[in-house]
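Subject: Structure for your review

Dear colleague,

Please find the structure below, together with its sequence. My notes on it follow.

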Amino acid sequence: MATGRMEFHAKTIMQHTNFCFVFPNDVEMEEVFDKRYYEREPMNLILLHGLTGTDTDWLYGGNAQEMAIQYNINIFMPTTGNSFYLDKGYTGAQNASFIAEELPEYISNTFGIEFARENTLIGGLSMGGYGAIHTALAYPEKFSACIALSSALHLERIAEQIRNEEDGITPAKMSRDLFGDPGRLLASDKNPEVQYRKLREAGAEAPRIYMACGTEDDLISANRSFRDFLKASGADFIYEEGPGIHNWTFWRDYLDRGLKALLCDD
């Protein structure tokens with residue numbers, strides 16, 4: 001297994017940025033619980049951090065190395081700050097474009113790794129869970145599946161916070177800068193429900209979605225609401241919840257469960 005951290009100049013966000021990586025390129029088979037995953041070429045997972053996080057979070061707080069070994073998957077962990085991984089419409093703040101287009105292209109050119117829809121997933125926690133869903137639906141031709149853990153899908157609450165100029169987990173001015181006019185937010189492409197409807201109307205294939213949230217997590221209501229939307233829409237998705245709060249204990253467990261659910265042929 002190889003691990004590392006790289007810095008490069010990203011044009012879409014006009015800055016030097018970092019990403020960590022894990023490659024299961026020299027794994028001893030005695031370490032692997034299910035050797036079926038090594039009967040294929042390695043897959044790719046872009047794994048996103050949460051608010052105030054950085055590219056090293058999934059290495060030091062999470063279980064990226066173990067997941068790379070067990071599922072024969074290359075894992076790439078980028079950072080774009082507290083951007084919610086959203087494009088803002090101008091070069092220098094094209095965060096979704098960075099995640100879905102520029103980063104895979106740079107990795108491919110640097111390591112010779114092929115990114116194709118069928119071998120590429122995206123995942124994340126909290127802000128990164130929202131970012132994973134939003135990016136997967138914005139670029140359905142890039143990602144076959146998405147793992148969204150404790151996702152920050154509370155858009156109605158965010159709109160209300162902006163409208164009332166109330167500071168929450170993020171300051172109201174920051175939320176407005178990220179999400180724009182609160183009166184238009186729920187009808188915009190920043191709402192995954194809107195994104196999904198547009199994909200269906202266009203006849204495009206949406207990525208498969210795995211969602212999980214802890215029952216004691218403040219975001220459980222918003223996650224259940226999106227679950228209900230996906231169910232009513234006939235989406236290809238898996239939803240799980242269980243005892244847990246907004247922490248690494250939950251995310252480590254459910255990243256494993258999510259990968260097993262999406263990658264296992266049984």
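How many residues does the largest nonpolar core have, and which residues have the most contacts inside it? The model is a predicted one, in which local features need pLDDT of at least 70, side-chain atom pairs count only at pLDDT 80 or more, and totals for chains, interfaces and linings use all residues. Residues are numbered from 1 along each chain as its sequence is written, and side-chain values use heavy atoms, with hydrogens and water left out.

Cores

The largest nonpolar core has 55 residues, and Ile122, Phe179 and Leu230 have the most contacts inside it. Such a core is a set of buried Ala, Val, Leu, Ile, Met, Phe, Trp, Tyr and Cys residues joined through side-chain atoms within 4.5 Å. Buried stands for under 20% relative accessible area, exposed for over 50%, and partly exposed for values in between (1.4 Å probe, protein chains only). With neighbours within four places in sequence left aside, Ile122 is in contact (heavy atoms within 4.5 Å) with residues including Leu45, Ile99, Phe143 and Ile147.

Sheet

Helices (H or I, at least four residues) and strands (E, at least two) are DSSP runs, numbered from the N terminus. An open sheet of mixed pairing is formed by eight strands in the order S1-S2-S4-S3-S5-S6-S7-S8. Two strands pair if DSSP finds at least two bridges between them. Strand S1 (2–10) and strand S8 (237–242) are the edge strands, each pairing on one side only. S1 and strand S2 (residues 15–23) run antiparallel and are joined by nine bridges; Arg5 has Cys20 in S2 as its bridge partner. Helix H9 (residues 220–232) packs on the sheet, where it touches strand S7 (208–214) and S8, and its direction makes about 150 degrees with that of S8. Helix H2 (residues 64–71) lies across S1, S2 and strand S4 (73–78), at about 155 degrees to S4. For these angles, axes are lines fitted to C-alpha atoms, for helices over the stretch in contact, and the values run from 0 to 180 degrees between N-to-C directions.

Helix H5

In H5 (residues 155–164), the residues Leu155, Ile158, Ala159, Gln161 and Ile162 are buried. They lie on the same side of H5 because they cover an arc of only 160 degrees around the axis, taken from the directions from the helix axis to the C-beta atoms. Their cover includes helix H4 (127–138), helix H6 (172–179), helix H7 (182–185) and helix H8 (192–202). After H5 comes Glu165, with a positive phi near 55 degrees.

Two buried polar residues

Asp55 is located in the loop between strand S3 (43–48) and helix H1 (57–60). Its relative accessible area is 1%, so Asp55 is buried. The side chain of Asp55 makes polar contacts with the side chains of Arg5 at 2.6 Å and Thr54 at 2.9 Å. A polar contact is a pair of N or O atoms within 3.5 Å; within protein, one must be able to donate a hydrogen and the other to accept it, and residues adjacent in sequence count only if both atoms are side-chain atoms.

Asn95 belongs to helix H3 (residues 95–111) and counts as buried because its relative accessibility is 7%. A polar atom of the Asn95 side chain lies 2.8 Å from the backbone oxygen of Leu86.

With kind regards
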